[in-house]
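Dear colleague,

Please find the structure below, handed over for your records. My notes on what was found in it follow.

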Amino acid sequence: MGITLLGSVLFFVFAGDPVRQVHVYWGTQVPLDAALGLGAWRLRGLAHVRYRRFWSMIAFAGASFTVGDTYQFVSNLLSPGAPALAGGGVQTAFFAVGMSSNVIACLIFPQGLRTSREKFVFWLDATTVLVGGGVVAWCFAFNPISSVHVDRVNASVTAALVLVATFSATKVALIKSPPMARIAAWPMVGAAMIQGVSTFLPGDFQGTDHAYVFVIRLLPSVCIAVGPWIQVVLIRIGAVQDAPKRRPYSLLPYGMIAVTFVVFFLMLPSTATSQLVGATLGVVVITCLVAGRQLVAFHDNMVLIERLDAASSTDALTQLANRAHFSTEMIRLLDRDSSVLLIDLDDFKEINDTMGHAAGDALLVEIADRLRAAVRPGDLVSRQGGDEFTILLPGAGADDACLIAEEILRRLQVPLEIRQHTVVTRASVGIAPARPGDEPSALLSMADIAMYEAKRRGKSMWVYYTEEMGARVGAEAVLIREMAQALENNEFHLLYQPIVRLADEQLTGVEALIRWQHPVRGLVSPVEFIPLAERTGQIVAIGLWALRTACRQGAAWRREHPEAQHMSVGVNVAGRQLRTPGFVADVAAVLAETGLPAANLTIEVTETAVLDDEESNEAMVGLRALGVKLALDDFGTAASSLGLLLTCPVTSLKLDRSFVESINTVGRQSAVATAVSQMASALEFSSVAEGIETVEQRDLIKRLGYQYGQGYLWSRPVPADRIAGMWAAARVGA
């Protein structure tokens, strides 16, 4: 701007000296051209990769202009002739090369058009504009009204400028993702327009007698040089480049119709008859009326489309952005490093179950308001569905995102009234870093991984995504996929651990324990794959296989060994299985298929699987109706309710091994073991102690009143043939 101001001042200082004014004119052009090239080159490195080729060609154009204008400036200094604003052959050649580079950059830049119809409409509008520009160029450059232009080469270049200006305007107006913000693009578009118009201005504007002519002629170079630097500033300050508001129609073709009519009137000869003038006016008026009527219809359609777009992009309940709109906006807003938050309400199902869905909806509306209040202007809040929300924080790094997550949790924990009930809401928040070009689905997956990590750590907290989390989840995904194939490939097998009667240490039953022999990994621990199977639902199919296999084996033992007639076969069942519709019918079918009496089957479940769960409790009642025995496994380790023992139809309690391993040395362990034994005796349950490894533990457990024992003291989990050997040994002993 300083160079422009200095040049403008010198034009007036040297008024009346056109030679010096021309020197100043070409001398001022050179730094402006260099500024264009340098600004475009800087944008090549700062802008998105998809704009790199565009800015490379604009930088090349700036370099061409610089070389040509430098040559012209030096020529005017060394060989002054008649002062002229028109360039010589060399300057014109470099100028043409630069303009060609600009045209090619516009032509090869992707318009973001996907369908054939969109491409056809775009090029139809563009062709209309270009034809209109061609008419103007022909009438004013190649066939001027008053024969002002005698330099046909300069006239041709000027005509090209008009075409470039109109085409650039078309690109800016029609493409979906322009390479620069409109505030930066319009000065560059205006530069070519000003150049074209000023070249065609008649009279004094074509001479060098007035200082303002030089100022006007310099203005296009200023505009085109300023554009890239405006875009550089916008990128550095992190300004979001809003997508141009698009109409379902373009005004440019109508504008070119108006321009063509104006040119047509100017071309009418002064001797035209009144009939010709009247007919021309009639054509113009009718065309304008038809075009106006069409624009009114377009406007009405646009209002309807905007209403439909708003409805289709907004969640009906909370009025937040919906999933589809959020994904679309993420692509647009991710022009710099940002953050994505995924918020999942903790225990929201309890609100719907206890207070009704209307209360749940009211809570979601309140949550949406609190999320809006917790974020910054320009952040995008969305409801993904159910009780899950996402937030995009453009330009927010890890520190800012964590602070906003803290604010969200603080606001959510403020009590609120829902239908005369005070509700305190908590949530788990996952935070993921977002970079330009990232896929929305991948970012949401990362945030989802972090959110589940927050739930795993205890809920009501935020967790920032790390690569280690992603690697673990990736490994789990592979294991889940291989687990689905393992059942088909017969990679699972059962081991059986004996359960003995403590009074005489006779074998009375077994617990079936599943193992996975992976063809590559080797033996996969149940601790590793059972939780995954429960989470994915694969436990239903795997558990049914284990139940059928154990029952078939138990029936075989009963047929082959008379001592096994009253044995119990214990099979572990997960809560997911109990809640599966038809589970009781599946158990009945397995018993009928294998021939194992229901009284010989013990279903072992954990406390957490049936705690406050109506579906699980109903399944337990149905199993007891079949005659199947029920055992609470790992008793004492969960946040159990003693009322559960009164409502759940269990037949035995299994003391967890954690209370047995230190029972000789830790007083509290012994106290808990004693209490469990006494509760089992009072409620007429059988009692089993797990994890007995030493004689001392056995003796103490026996004195505490336990009826059965299980552990390494008698046997580790072994294959079925080893259990058969134990039954045979029992027969020999008898």
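Which residues does Y706 touch, not counting residues up to four places away in sequence? They are L502, L655, A673, V676, S677, S687, V688, A689 and I701, where contact means heavy atoms within 4.5 Å.

This is a predicted model, in which local features need pLDDT of at least 70 and side-chain atom pairs count only at pLDDT 80 or more, while totals for chains, interfaces and linings use all residues. Residues are numbered from 1 along each chain as its sequence is written, and side-chain values use heavy atoms, with hydrogens and water left out.

**Nonpolar cores**

The largest nonpolar core holds 70 residues, and Y706 is among those with the most contacts inside it, as are Y496, W557, L601, I603 and I701. Such a core is a set of buried Ala, Val, Leu, Ile, Met, Phe, Trp, Tyr and Cys residues joined through side-chain atoms within 4.5 Å. Here buried means under 20% relative accessible area, exposed over 50%, and partly exposed in between (1.4 Å probe, protein chains only). Helix α18 (residues 539-560) gives the largest share of this core, eight residues. Helices are DSSP runs of H or I with at least four residues, and strands are runs of E with at least two, numbered from the N terminus. Among the buried residues of α18 are I539, I542, A546 and W557. A second, separate core has 32 residues, including L364 and V423.

**Salt bridges**

The count comes to 24 salt bridges, each being a side-chain nitrogen of Lys or Arg within 4 Å of a carboxyl oxygen of Asp or Glu. In one of them, the side chains of R472 and E453 meet at 2.6 Å, N to O. R472 belongs to helix α16 (residues 467-488) and E453 to helix α15 (residues 440-456), 19 residues apart. R472 is partly exposed, at 35% relative accessible area, whereas E453 is buried, at 4%.

Another salt bridge joins E511 and K654 (3.2 Å, N to O). Because E511 lies in strand β9 (residues 506-518) and K654 in strand β14 (residues 652-655), this pair ties together parts that are 143 residues apart in sequence. Both E511 and K654 are buried.

**An exposed isoleucine**

I183 sits in helix α7 (residues 182-200) and counts as exposed, at 58% relative accessibility. Leaving aside neighbours within four places in sequence, I183 is in contact with I230 and L234. The C-alpha atoms of I183 and L234 are separated by 9.7 Å.

With kind regards
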